[in-house]
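Dear colleague,

Please find the structure below, handed over for your study.

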Amino acid sequence: MNEEISTYYDEFAPHYVPGWRSVQYYGPLVADFLLRAVTPECRVLDIGCGPGQLTSQLADDVEVVGCDVSPQMLASAREARPGGRYELHDLHDPVPADWGRFDVVLAVGCLEFCRDLGATLRHLAAVCAPGARVLVGAVEDRTLGPGASTREFSAEGLPGVAMHAYDATAQLAAVTTSGLAPYGYRYVPAWRHEEYGYVVHYGLWELRRDR
């Protein structure tokens with residue numbers, strides 16, 4: 001992962017949650033998924049966990065493993081949920097096998113920087129337990145061309161760093177080659193990009209590892 005991204009998120013980790021609450025729309029959708037998917041004593045993998053705002057309030061008997069490229073975000077996540085495990089990890093790399101298998105996997109709010117959606121989904125599928133439930137949010141910009149597209153993430157904060165978007169056909173192709181089965185897809189507003197004055201949308205997928 002680009003070192004600039006790690007530094008960018010390190011710098012505002014202490015202030016991330018208040019700002020996230022003011023611009024994001026996907027939090028309630030993730031909360032609804034977790035309410036339906038998380039069961040007692042299950043294992044949850046939170047990819048691009050940031051300060052742990054999506055999973056910090058899960059029941060104490062749920063084992064949460066979070067990963068991110070920002071050490072300061074991970075420090076905030078550990079503070080929010082001291083019983084969790086938080087690791088430095090790039091979503092483009094395979095998930096280490098010694099983390100074990102997971103019953104629930106989240107990859108929401110992080111795939112903006114995913115250069116290869118199919119490869120990342122294959123990495124997630126590899127650590128899913130049979131019957132695992134997965135929630136994925138890929139940027140879908142219908143103003144851009146078909147397939148995979150990019151635009152600058154932030155001219156002010158991350159000049160030259162791309163935001164990666166995938167149309168619905170490219171998303172479905174990535175899902176079907178990953179070994180995960182699609183159970184639901186929605187095109188939803190994800191967060192408001194204040195710098196550029198528009199709302200980023202996700203293709204939000206509920207997936208399962210059927211075997």
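Arg 151 has its place in strand β6. Please keep in mind throughout that this is a predicted model. With a relative accessibility of 30%, Arg 151 counts as partly exposed, because that class lies between the limits of under 20% for buried and over 50% for exposed. Apart from its neighbours within four places in sequence, Arg 151 is in contact with Asp 141, Thr 143, Val 161, Ala 162, Met 163 and Tyr 198. One of these contacts, Met 163, is twelve residues away from Arg 151 along the chain, and the C-alpha atoms of Arg 151 and Met 163 are separated by 5.3 Å.

**The largest pocket**

Strand β6, at residues 148–154, also takes part in the lining of the largest pocket, to which it supplies at least two residues. The volume of this pocket is about 790 Å³. Its lining consists of 42 residues, and those closest to the centre of the pocket are Tyr 8, Tyr 9, Phe 12, Tyr 16 and Phe 153.

Which other elements supply at least two residues each to this lining? They are α1 (3–11), α2 (16–23), β1 (43–47), β2 (63–68) and β8 (181–193). The largest share, five residues, comes from α2. By residue class, the lining divides into 23 nonpolar, eleven polar and eight charged residues.

**Strand β2 and its partners**

Strand β2 deserves a description of its own. Five of its six residues are buried, so β2 is largely enclosed by the rest of the structure. On one pairing, β1 and β2 run parallel and are joined by five bridges; within this pairing, Asp 46 has Gly 66 of β2 as its bridge partner. A further pairing links β2 to strand β3 (residues 85–88), again parallel, through four bridges. Here the bridge partner of Asp 68 is Leu 88, in β3. Together with helix α4 (residues 71–80), the strands β2 and β3 make a right-handed β-α-β unit.

**Strand β5 and its partners**

Is strand β5 (residues 128–139) largely enclosed or largely open? Ten of its twelve residues are buried, so β5 is largely enclosed by the rest of the structure. Strand β4 (residues 102–107) pairs with β5 in the parallel sense over five bridges, and Ala 107 stands opposite Val 136 in β5. Between these two strands the chain passes through helix α5 (residues 117–126), and this β-α-β crossover from β4 to β5 is right-handed.

In which sense do β5 and strand β9 (residues 198–208) pair, parallel or antiparallel? The pairing of β5 with β9 is antiparallel and extends over seven bridges. In it, Gly 137 has Leu 204 of β9 as its bridge partner.

**His 123 in helix α5**

Helix α5, the helix of the crossover from β4 to β5, contains His 123. The relative accessible area of His 123 is 18%. Since buried means under 20%, His 123 is therefore classed as buried. Leaving aside neighbours within four places in sequence, its contacts are Leu 91, His 92, Asp 93, Pro 94 and Val 95.

Yours sincerely

How values were computed:
Residues are numbered from 1 along each chain as its sequence is written. This is a predicted model: local features need pLDDT of at least 70, side-chain atom pairs count only at pLDDT 80 or more; totals for chains, interfaces and linings use all residues. Side-chain values use heavy atoms; hydrogens and water are left out. On a 1 Å grid over the protein atoms alone, a cavity is a set of points where a 1.4 Å probe fits but cannot get out, and a pocket is an open set with protein on both sides within 12 Å along at least five of seven lines; lining residues have an atom within 4 Å of a point. Grid points are joined across faces, edges and corners, and a volume is the space filled by probe spheres set on the points. Ala, Val, Leu, Ile, Met, Phe, Trp, Tyr, Cys and Pro count as nonpolar, Asp, Glu, Lys and Arg as charged, and the others, Gly among them, as polar. Buried means under 20% relative accessible area, exposed over 50%, partly exposed in between (1.4 Å probe, protein chains only). Two strands pair if DSSP finds at least two bridges between them. A crossover is right-handed if, with the strands pointing away from the viewer, the path from the first strand over the helix to the second runs clockwise. Contact means heavy atoms within 4.5 Å.
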